[in-house]
Amino acid sequence: MIKILSVDDELDLELLLTQYFRRKIRKGEYEFYFAHNGVEAMQMLLQHPDIDIVLSDINMPEMDGLTLLKKIKDRNNPALKVVMVSAYGEMSNIRQAMNNGAFDFATKPIDLEDLERTIEKAREEIEFVKQSQKEHGQLVDLKADLSLAAEVQSAILPNKFPPFPDVASEVDIHATIKPAKDVGGDFYDFFRIDDDHLGFVIADVSGKGVPAALFMTMSYTLLRFTGTRSLTPVTTVSASNDMLSRESFDSMFVTVFYGVYCISTGEMRYVNAGHNPPYIIKVNGNVDVLPNSNNICMGVTEGFPYQESILKLEKGDMLVAFTDGVTEACDPSNNLYGEGRLESLLATLRDNTTQEVTSAIDNAVNAHANGAEQSDDITIMAIKRK
């Protein structure tokens, strides 16, 4: 139904409109309201804020049509259309009304067939505006939902450092994450398995946006749930992979570097499931990259025979893990940050804390990007034996 407010001090116009449009009124297509000057019209608009079209005469007592038009425009409702009505000899007023935002005009004596075409044209415009407003509202709601989802994602990741104050004198841990969109697919985690062992993980889900965020949450939950119950990384990764593969949607997968660190000995048992090999910054300043792995990503297929590896951090050694958002960050000319720049930077950081290392990498990547849009999530994690 289109709701129309006629504003005119000529009372016979009310009878003329209701008679001519009687069929549309009976069918519920049109509903008319009537006012006799601008003041009454404003009161009517307050009482019926869902009025769609105002047919307004220009010359009226108390408040003329041009003043009414200005007050309607001040309401900032683009779905409310104003059609000005006046004598043909007052074209200057009609022109002023059109310049001030009137949708259309009609001249007296009113051609009712032409007025009906004008109303129908206004109906199409109103429907378009209302649909646009609806879609805009949906986008605003979606943006709010994504913002909340980002807060939830951030809240489930460890963000208090040092994460294990009772062993802070023996192991130093820090991690940072910077999603490319509102929600992302990267994550990290570390948790206590027993008094002498810590589980830790850094991972990167395929894809972007909401699907990646949902798959990230599944992967994070599975690895933490299984990891807190086993000291063997291959058991944790295998069990998580089997469950993810059964529940995977849209062929999604996740690259994972998962390890168990022994606090007292510095031994680290780990499984690299298709992830970027981390680096070891040795206490003597050398930078070594861990060997490439033949393990596949998690979520691809059930029953994959993952292989476990072992390394030992000597006192002062640091493991630095990252997602490919670091090395694949581009500058405005699409030059990658790359492994070479990362290795050169790491060679200067042997005496730094893990927080200083993650910050240095993040700052270096930002400087390289030089304002270019971030295309992938950037996650960095460092573990140092003190």
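## Before we start

Because the model is predicted, local features need pLDDT of at least 70 and side-chain atom pairs count only at pLDDT 80 or more, while totals for chains, interfaces and linings use all residues. Residues are numbered from 1 along each chain as its sequence is written, and side-chain values use heavy atoms, leaving out hydrogens and water.

## The overall picture

Let's begin with the whole chain. The protein chain has eleven helices and 15 strands. Helices (H or I, at least four residues) and strands (E, at least two) are DSSP runs, numbered from the N terminus. The radius of gyration, taken over C-alpha atoms, is 34 Å, well over the 21 Å that the globule rule gives for 386 residues, so the protein chain is more spread out than a compact globule. That rule is 2.2 Å times the number of residues to the power 0.38. Along its principal axes, the C-alpha trace spans about 100 × 40 × 40 Å.

Of the 386 residues, 47% count as buried. Here, buried means under 20% relative accessible area, exposed means over 50%, and partly exposed lies in between (1.4 Å probe, protein chains only). A contact means heavy atoms within 4.5 Å. Among contacts between residues at least 6 apart in sequence, 72% join residues at least 24 apart.

## Two nonpolar cores

A nonpolar core is a set of buried Ala, Val, Leu, Ile, Met, Phe, Trp, Tyr and Cys residues joined through side-chain atoms within 4.5 Å. The largest one has 47 residues, and Phe187, Phe200, Val254, Val256, Met298 and Leu319 touch the most other members. Leaving aside residues up to four places away in sequence, Phe200 touches several residues, including Phe257, Tyr261, Met268, Leu319 and Ile383. Apart from this core lies another, of 23 residues, among them Ala41, Ile72, Ala97 and Ala102.

## Strands and their partners

Two strands pair if DSSP finds at least two bridges between them. Three bridges join β14 to strand β11 (residues 279-281), running antiparallel, with Ile281 as the bridge partner of Met318. β14 also pairs with strand β15 (residues 378-385) in the antiparallel sense, over five bridges, and here Met318 stands opposite Lys384.

Strand β10 (residues 267-273) has five of its seven residues buried. Five bridges join β10 to strand β9 (residues 254-262) in an antiparallel arrangement, where Tyr261 has Met268 as its bridge partner. β9 and β10 form a hairpin with four residues between them, and Gly266 in the turn has a positive phi of about 80 degrees. β10 also pairs with strand β13 (residues 309-312), antiparallel and over four bridges. For a parallel example, look at strands β3 (residues 53-57) and β4 (residues 81-87): five bridges join β3 to β4, and Leu55 stands opposite Val83.

## A buried serine

Ser240 lies in helix α8 (residues 233-247) and is buried, with a relative accessible area of 0%. Its side chain makes a polar contact with the side chain of Thr226 (3.0 Å). A polar contact is a pair of N or O atoms within 3.5 Å; within protein, one must be able to donate a hydrogen and the other to accept it, and residues adjacent in sequence count only if both atoms are side-chain atoms.

The bond from Lys108 to Pro109 is cis, with omega near -5 degrees, and Pro109 lies in the loop between β5 (104-108) and α6 (112-156). The bond from Phe161 to Pro162 is also cis, with omega near 0 degrees.

Glu62 has a positive phi of about 70 degrees although it is not a glycine, and counts as exposed at 67% relative accessibility. Asn76, in the loop between α4 and β4, has a positive phi near 55 degrees and is exposed at 65% relative accessibility.
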